[in-house]
Amino acid sequence: MMSHTLKSIAVGAMLLAAGAANADITVYTDKYDYRGAVTVSGLDSFNDLSVDPIDGPLSRSAGSFNYTATVGPGSTSFWGGSGSSVDGWLTTDNRTDTIVFKDFGGKVNGAGLFAFGSNSAGAFAAANSITLTAKDEFGKLASYTIDKPTQSSFIGFVSTGKLLELTVKLTAQAGVWPTVNDLYLSSVVAVPEPGTYAMLLAGLGIAGVAARRRRNAQ
C-alpha cells in the first residue's frame, strides 16, 4: 500500500506536470495591457547610459528584479543611444548582433520593452523590422515581429511559468542598429481557478478524514 508521503509526492508530481502541460506565453502589443496583466513590475529606463561604448555583459536591475544583458555574436559591447538629453537607450556595437536579457532574479513571469532601430550616432532610425522572442522554464517560445518599428513600439510577454530570457534581433539593414528602451520585468501572483479551489477543498477533506482515522486508531 502506498504510504502517505509517497502519495503526497505523487500528487505533487502530477500537479507540476499539469502546470507544465498548460504553460503558455501571451504576447501584448500595448504597454498598458501588459501592465494590467501582471501584478508587480520593475523598470529599467537606461537613462543612466551615456552615448558611449559599454563593455558587456551588463548586470542591471529593473526595480527589485535583477537581470543580465548580453550581446553577440559579433561584439560583446553595447552602446548607449538617446532620444533626448534625459532619455537613454540601449543599443549594440554591431548592427547584426542580438540583445539577450536573461538570469532574471526572482520570479519573473513577464518582460516587455520598446524596440526599434537607431543610427551610428545613437539617434532613432527607421528599421524594416525587429523580432522579439521570449522563452520560459517549460521550454515554451513566443516570438513577435514588429514591422516598421517606432520609438513607441512596445512588446510584452507574460508566461504562466518563469521567464528565462528575452531576445531582440533586428532584420539586417545597412545603417540601422537594434535598440531598446524601458525594460519592464514583472511577476504575477496567480489567482486559483474554481477547479483548483475544488481540488484544494477535496484535499483538505481527505486530510481531515485521515487525521480522524489516526486519532481513532490511538
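User: How many aromatic pairs does the count come to by the ring rule?

Analyst: The count comes to seven aromatic pairs. The rule: rings of Phe, Tyr and Trp (its six-membered ring) pair if their centres lie within 6.5 Å; planes under 30 degrees apart count as stacked, over 60 as edge-to-face and the rest as tilted. A word on the source: this is a predicted model, where local features need pLDDT of at least 70, side-chain atom pairs count only at pLDDT 80 or more, and totals for chains, interfaces and linings use all residues. Residues are numbered from 1 along each chain as its sequence is written, and side-chain values use heavy atoms, with hydrogens and water left out.

User: Why is the pair of Tyr28 and Tyr34 called edge-to-face?

Analyst: The ring centres of Tyr28 and Tyr34 are 6.4 Å apart and the planes stand at 75°, so the pair is edge-to-face.

User: What makes the pair of Phe116 and Phe124 tilted?

Analyst: The centres of Phe116 and Phe124 are 6.2 Å apart, and the angle between the planes is 50°.

User: Which residues do ring pairs link into a cluster?

Analyst: The cluster holds Tyr28, Tyr34, Phe114, Phe154 and Tyr184.

User: How do you know whether Phe116 is buried or exposed?

Analyst: Buried means under 20% relative accessible area, exposed over 50%, partly exposed in between (1.4 Å probe, protein chains only). Phe116 has 1%, so Phe116 is buried. Tyr34 has 0%, so Tyr34 is buried too. Phe124 has 31%, so Phe124 is partly exposed.

User: Why is strand E9 said to be largely enclosed by the rest of the structure?

Analyst: Strands (E, at least two residues) and helices (H or I, at least four) are DSSP runs, numbered from the N terminus. E9 covers residues 110-118, and nine of the nine are buried, so E9 is largely enclosed. Gly110, Gly112, Phe114, Phe116 and Ser118 point one way from E9, while Ala111, Leu113, Ala115 and Gly117 point the other way.

User: What makes E9 and E13 a pair?

Analyst: Two strands pair if DSSP finds at least two bridges between them. E9 and E13 have five bridges, in the antiparallel sense. In that pairing, Gly110 stands opposite Val158. E9 also runs antiparallel to strand E15 (residues 177-187), joined by eight bridges. There, Gly117 stands opposite Pro178.

User: How many bridges join E9 to E10?

Analyst: Two bridges join E9 to strand E10 (residues 124-125), and the strands run antiparallel. Ser118 stands opposite Phe124 in E10. E9 and E10 form a hairpin with five residues between them, and Gly122 in the turn has a positive phi of about 85°.

User: Why is Lys162 called partly exposed?

Analyst: Lys162 has a relative accessible area of 26%, so Lys162 is partly exposed. Lys162 is found in the loop between strand E13 (154-159) and strand E14 (163-170). Contact means heavy atoms within 4.5 Å. Leaving aside neighbours within four places in sequence, Lys162 is in contact with residues including Phe104, Gly106 and Asp136.

User: What is the pLDDT over residues 1-20?

Analyst: pLDDT is the predictor's confidence in each residue, from 0 to 100. Over residues 1-20 the pLDDT stays under 50. Where pLDDT is low, the predicted coordinates should not be read in detail. For the protein, the mean pLDDT is 84, and 77% of the residues reach 70 or more.
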